[in-house]
Amino acid sequence: MDHSGHGMTMDLPPFTLGRGLQWSADPFFLVACLVGLALYAWGVVRLRRRGDAWPVGRTVAFAFGVLSVGLVMCTRLNDYGMVMFSVHMVQHMVISMLSPILVLLGAPITLALRALPVAGKGRKGPRELLLMFLHSHYLRIITHPAFTIPLFIASLYALYFTPLFDFLMGSKTGHTAMMVHFLAVGVVFFWPIMGVDPGPNRPGYLMRMLELFAGMPFHAFFGIALMMASAPMVETFKNPPASLGIDALSDQNAAGGIAWAFSEIPSVLVLIALLFQWYRSEQRQAKREDRAADRDGDKELEAYNAYLASLNARGR
């Protein structure tokens with residue numbers, strides 16, 4: 001497999017963290033990250049100028065989400081990921097399981113709906129088009145568990161264990177497209193489970209937990225399969241450049257360990273987010289019930305006072 005289309009990957013020295021974090025940007029992801037951060041900052045500034053608050057925590061989560069994409073796609077991790085299965089797996093896990101969670105916690109759609117101006121009567125601006133998309137049948141389908149869970153699983157097994165992976169890894173464009181796919185799959189999988197933004201499929205909290213745990217075991221099994229294999233399983237990584245000084249099977253075992261371990265980290269993060277959202281939801285419900293009880297109590301008091309007044313009038 002010739003990777004000469006992806007920078008100087010054929011002449012890479014042995015991997016170290018220092019070398020991996022050197023600047024080497026993928027143009028598509030560099031532009032996408034900068035545009036994403038700029039649009040989010042514009043939305044926050046617009047709200048502030050209007051006198052509206054926007055939680056700092058959401059801004060921090062979104063920024064870290066976008067920066068995590070930049071970390072794996074705009075450094076030499078991206079170059080090493082073309083020839084080292086273990087580094088590629090770090091990219092895959094971060095961009096499909098960590099970045100989407102952080103971006104979703106930033107609530108970018110809610111921010112857009114609040115910041116974008118309302119178009120004039122009978123006209124459709126960006127805000128109206130976004131609302132149409134949120135209410136579309138298309139989004140209802142791609143965020144349904146019957147679609148997201150099989151897609152999440154197929155993105156591992158149907159990609160890595162078929163010739164499709166080698167085809168995509170054969171060019172810079174194919175590799176970028178694959179990473180975009182991983183990010184998109186992560187977003188549609190985690191959005192209905194713990195996303196802050198409104199969405200077409202939003203089951204109860206218990207069902208969301210079941211959705212989360214329905215996909216994760218397959219992730220762990222995939223990692224174990226790579227760890228237990230007695231021969232390299234993916235053509236792209238069978239013959240790593242001699243300059244790296246690595247063994248293909250050992251590197252594949254390391255990739256499996258990374259995939260297995262990473263299935264636990266997002267599960268814990270999402271579970272914490274879910275439990276917090278559930279707690280907040282219960283608190284809001286309790287406040288609503290208290291307000292309703294207060295109103296009912298006020299009505300009873302008013303009725304009683306009216307009754308006393310009527311008795312007093314009759315006594316006179």
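This is a predicted model: local features need pLDDT of at least 70, side-chain atom pairs count only at pLDDT 80 or more; totals for chains, interfaces and linings use all residues.
**Entry 1: surface and conventions**

Residues are numbered from 1 along each chain as its sequence is written, and side-chain values use heavy atoms, with hydrogens and water left out.

**Entry 2: confidence**

I checked pLDDT, the predictor's confidence in each residue, from 0 to 100. The chain has a mean of 86, and 92% of its residues reach 70 or more. Confidence is highest in helix α3 (residues 56-73), at a mean of 97, and lowest in helix α14 (residues 264-315), at 73. Over residues 1-9 the pLDDT is below 50. Beyond near neighbours in sequence, I find 20 contacts for that stretch in the model; contact means heavy atoms within 4.5 Å.

**Entry 3: overall form**

I read off the secondary structure, where helices (H or I, at least four residues) and strands (E, at least two) are DSSP runs, numbered from the N terminus. The chain comes to 14 helices and zero strands.

I then looked at the dimensions. The C-alpha trace spans about 110 × 45 × 35 Å along its principal axes. The radius of gyration is taken over C-alpha atoms, and the globule rule is 2.2 Å times the number of residues to the power 0.38. A compact globule of 316 residues would come out near 20 Å, but the chain has 26 Å. Among contacts between residues at least 6 apart in sequence, 78% join residues at least 24 apart.

**Entry 4: the core**

I use buried for under 20% relative accessible area, exposed for over 50%, and partly exposed for in between (1.4 Å probe, protein chains only). Of the 316 residues, 41% count as buried.

A nonpolar core is a set of buried Ala, Val, Leu, Ile, Met, Phe, Trp, Tyr and Cys residues joined through side-chain atoms within 4.5 Å. Which residues touch the most other members of the largest nonpolar core? They are Phe85, Met89, Tyr160, Phe165, Phe190, Met194 and Val270, out of 69 residues. In soluble globular proteins, nonpolar side chains tend to be buried together.

Leaving aside neighbours within four places in sequence, Phe165 is in contact with His88, Leu159, Tyr160, Met178, Val234, Thr236 and Phe237.

**Entry 5: helix α9**

Leu159 is found in helix α9 and is buried, with a relative accessible area of 6%. Leu159 and Met178 are 19 residues apart in sequence and 9.5 Å apart in space, C-alpha to C-alpha.

Ala154 also belongs to helix α9 (residues 145-160). I noted Ala154 as partly exposed, because its relative accessibility is 33%.

Gln91 sits in helix α5 (residues 85-105). Is Gln91 buried or exposed? Gln91 counts as buried, because its relative accessibility is 0%. Its side chain reaches the backbone oxygen of Val72 at 2.9 Å. Not counting residues up to four places away in sequence, Gln91 touches Val72, Met73, Leu77, Asn78, Gly81, His175 and Met179.

Gln252 is in helix α13 (residues 248-262) and counts as buried at 2% relative accessibility. The side chain of Gln252 reaches the backbone oxygen of Ala231 at 3.2 Å. Residues that Gln252 touches, beyond four places in sequence, include Phe85, Ala231 and Val234.

**Entry 6: two loop residues**

Ala107 lies in the loop between α5 and α6 (108-115). Its phi is near 50°, a positive value in a residue other than glycine. Ala107 is buried, with a relative accessible area of 0%.

Asn201 lies in the loop between α11 (172-194) and α12 (205-228). I list Asn201 as buried, because its relative accessible area is 14%. Beyond four places in sequence, Asn201 touches Leu139, Arg140, Thr143, His144 and Pro192.

Technical notes:
A polar contact is a pair of N or O atoms within 3.5 Å; within protein, one must be able to donate a hydrogen and the other to accept it, and residues adjacent in sequence count only if both atoms are side-chain atoms.
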